[in-house]
Amino acid sequence: MAAVIQDAAGLRAGFGAPVLESQACFSALMRALAFPGRVTQAPTLAEPPDGWPSALAAAALTLLDADTPVWLDENARSPGAEAFLRFHTGAPFAAKAGAARFAILLDPRSADFTDFDIGTDQYPDRSATVLIAVDALAGGPRSVLEGPGIKTSQQIAPKGGLSGLWEAWPRNRALYPLGFDAFLFAGDGVIGLPRSVKRTDQRD
Amino acid sequence: MGVLARAPADRLTALMAALGGKPATDWLRRPEIGAVMTRGRAGGTGDAFTLGEMTVTRCALRLKDHVGIVGHAYVQGRDVAKAEAAALADAMLQCEAYAGSVRAAVVEPLRAEEAARRLRARRKAGATKVDFFTMVRAEG
């Protein structure tokens, strides 16, 4: 019992209106995936765990449940964040990145993007979705996205150590229909990166 | 917690309402009504089996002025007010400043009432008891 109380120290509140706000957040995440690269607003969460962008915490509350093992990177892992997810979602914590349906990265620099579950030929949908916190969704190195959901091309410039992700992206795309999907979060904003999108460096 | 959960809703809410000086609270989880699957074991030791679904109201709140104290409540039925009162009592019981008064003014009276209820039920059942002892002796 003592351990339970310890974990609950400063437990953060979730959505004020869980049903409506998680539906609104789910719809925002779907829109973000349908229009890759377009910055979409997620509902605000008043008190996300320390260091988590509000939109990332809102997405976690929306997507996770008892059937979706979640893996947190070193930076995301903290007693407060784990208590938050355990209380609000009941999601089990995966010991390895490869066993997780959702991965939460606060520092994409340290991630090995070949670790994540890419699904199987029979069930390509049973792959990991990687939720990545970045410093900002604009103002970083510019990339050009092309593919389904984009009429001609879409520019994005997220800032925050994404070179590892971009390095892994061509391989991830080549695996199609297998592969992981990713979301980038900063503040209230989210950018969706489905596995189908093609990404290149912006040439000036 | 068991005493709070089993108490009749109107008694619990009345006792909590009568209690003065309650702390301010924030919701962690607003009261929500759902169903839980209850499981049982025959005789308490046999294989687990599914007893059926039970309607449950749950909520969780925290005290504004005492960081880290979270009151939880899961109560049978659809009574939101009862779940709220039970969660607040649970939080107050974890807090030294309130635990004494809640225990004396809420938990102990409810515990005594529950014991009286059980005794009454046992007496009623006891009055209908049939003693088969004489039949066993008649055979031997």
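This is a predicted model: local features need pLDDT of at least 70, side-chain atom pairs count only at pLDDT 80 or more; totals for chains, interfaces and linings use all residues.
Biologist: What radius of gyration does chain A have, against that of a compact globule?
Modeller: The C-alpha trace of chain A spans about 55 × 35 × 30 Å along its principal axes. Of the 204 residues of chain A, 42% count as buried. A compact globule with 204 residues would have a radius of gyration near 17 Å, and chain A agrees with this, at 16 Å.

Biologist: What share of the contacts in chain A with a separation of 6 or more comes from residues 24 or more positions apart?
Modeller: Contacts here are pairs of residues whose C-beta atoms lie within 7 Å. Of those in chain A with a separation of 6 or more, residues 24 or more positions apart account for 70%.

Biologist: Which residue in the hairpin of β1(B) and β2(B) takes a positive phi?
Modeller: Strand β1 (residues 25–41) and strand β2 (residues 48–63) of chain B pair in the antiparallel sense over 14 bridges. B:Thr25 stands opposite B:Leu63 in β2(B). The hairpin has 6 residues between the strands, and the positive phi, near 65°, belongs to B:Gly43.

Biologist: Which element gives the most to the side of chain B that touches chain A?
Modeller: The contact takes 5 residues from chain A and 7 residues from chain B. Those of chain B divide into 4 nonpolar, 1 polar and 2 charged. With 3 residues, the element that gives the most to this side is β1(B).

Methods: Residues are numbered from 1 along each chain as its sequence is written. Chains are lettered from A and ligands numbered from 1 in the order in which they are written. Two strands pair if DSSP finds at least two bridges between them. Helices (H or I, at least four residues) and strands (E, at least two) are DSSP runs, numbered from the N terminus. Two residues are in contact if their C-beta atoms, placed from the backbone, lie within 7 Å. Ala, Val, Leu, Ile, Met, Phe, Trp, Tyr, Cys and Pro count as nonpolar, Asp, Glu, Lys and Arg as charged, and the others, Gly among them, as polar. The radius of gyration is taken over C-alpha atoms; the globule rule is 2.2 Å times the number of residues to the power 0.38. A residue is buried if 20 or more other C-beta atoms lie within 10 Å of its own, exposed if 12 or fewer, and partly exposed in between; C-beta atoms are placed from the backbone.
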